[in-house]
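Open the model in your viewer and keep the selection tool at hand.

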Amino acid sequence: MIDIDLEKSSKILKNNFEYITYSKNIFIPVTNFCRNNCKYCKFTKGDKFLTPPNKIKSFLENVDSSKHSEILFTFGERPYQRKRFNEKLKKYGYISFAEYIKDLCNYSIDNGFLPHTNPGVVKESFISKIKPYNTSLGLMLETTADLKVHKNSPGKKPQKRLELLELLGKKKIPTTTGILIGIGESKKDRVESLKKIRSLQKRYGHIQEVIIQPCQHKNQNIKKSKLLDTIALARIILKNTNIQSPPNLVKNIPDLIKAGASDLGGISEHTIDYINPNHSWPKISDIREEVRKNTGFELKKRLPIYPRYIKESWMADGVKDLIKDKADNEGFAK
């Protein structure tokens, strides 16, 4: 078992990172239809919806893309396995969900936003369809352990998620992944999960950030010490890979950084966190002051693709020009 050493993790952070980053984003919940039935998930509960494309387009037309670099598209896994979803999809003129997502990404690009899509465990054909129109893709590993909370969730089988993460590596797609804390896993499971991510990163180099996220479900209260310990573990195991922890799920943001977090993820001024709807985003100006005063780092905005991947030309054709334009003209982290 790897020892947890907050001083060691903090030192690794200071030796490898110049500043703390975040992405100014717009969070779009596309649909909450999902083939999985995870006991802790709030997003897929309640009335089922598929957000009309015209509603999304109208919303984006009224947001200044020069101030928001990222569009985060989140949806339930393989929603098209639900009959009622397909009925709704056809109503909007689509027979393929991949085509629907592709159109949303294209429209976002046309309006100056860089798409980042969380597709879940999907087939290679789905990835191939949306890859040219995405800056990066996301798939939470969550855990390598077989847990009771995933009993009725075929897409949460660890091997399936690892296989898709490997596919994203083979396709040279900048990828966000991460683990959940508090879903029944042990410390040993968390270490094993982080080591699996490290193995993928060594082979393909595509893991641009790893999220360490406490699971906020009913009757669950993750001890802050467990979160900070896991961030430190991630920093020690993954060294110079970006470690992200959401700033709306804790009270003291500098503690995340002191434990080893280098990134605070997407923060929105226009949309809530639909995964954790009861936790509002802190103001960026407040975070910036907290970080500067209490950690010695400066807070800097970034694109949904990290600088390394821009320099190494890991950019899909459909977003390449917009990435370069934003990186050159809008003061993002380089």
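Select α7 and α8: the two helices cross in a right-handed sense. (A crossing is right-handed if the near helix is turned clockwise from the far one by less than a right angle, and left-handed if anticlockwise.) Helix α7 covers residues 187-204 and α8 covers 224-238; their axes come within 10 Å and cross at roughly 35 degrees. Axes are lines fitted to C-alpha atoms over the stretch in contact, with angles from 0 to 180 degrees between N-to-C directions. Helices (H or I, at least four residues) and strands (E, at least two) are DSSP runs, numbered from the N terminus.

This is a predicted model, in which local features need pLDDT of at least 70, side-chain atom pairs count only at pLDDT 80 or more, and totals for chains, interfaces and linings use all residues. Residues are numbered from 1 along each chain as its sequence is written, and side-chain values use heavy atoms, without hydrogens and water.

Now show side chains. On α7, pick Lys 187, Arg 190, Val 191, Leu 194, Lys 195, Ile 197 and Arg 198; on α8, pick Lys 226, Thr 230, Leu 233, Ala 234, Ile 237 and Leu 238. These make the contact (heavy atoms within 4.5 Å). By class, the contact has seven nonpolar, one polar and five charged residues. Here Ala, Val, Leu, Ile, Met, Phe, Trp, Tyr, Cys and Pro count as nonpolar, Asp, Glu, Lys and Arg as charged, and the others, Gly among them, as polar.

Leu 6, Lys 8, Ser 9, Ile 12 and Leu 13 of α1 meet Leu 228, Ala 232, Arg 235 and Ile 236 of α8.

The largest cavity holds about 1000 Å³. On a 1 Å grid over the protein atoms alone, a cavity is a set of points where a 1.4 Å probe fits but cannot get out; a pocket is an open set with protein on both sides within 12 Å along at least five of seven lines; lining residues have an atom within 4 Å of a point. Points are joined across faces, edges and corners, and volume is the space filled by probe spheres set on them. Centre on Thr 74, Asn 118, Met 140, Gln 213 and Ile 275, the closest to the cavity's centre of its 49 lining residues. β6 gives the largest share, five residues.

Last stop: the largest pocket, about 520 Å³. Select Phe 17, Asn 240, Asn 242, Tyr 306 and Pro 307, the closest to its centre. α11 gives the most to this lining, four residues.
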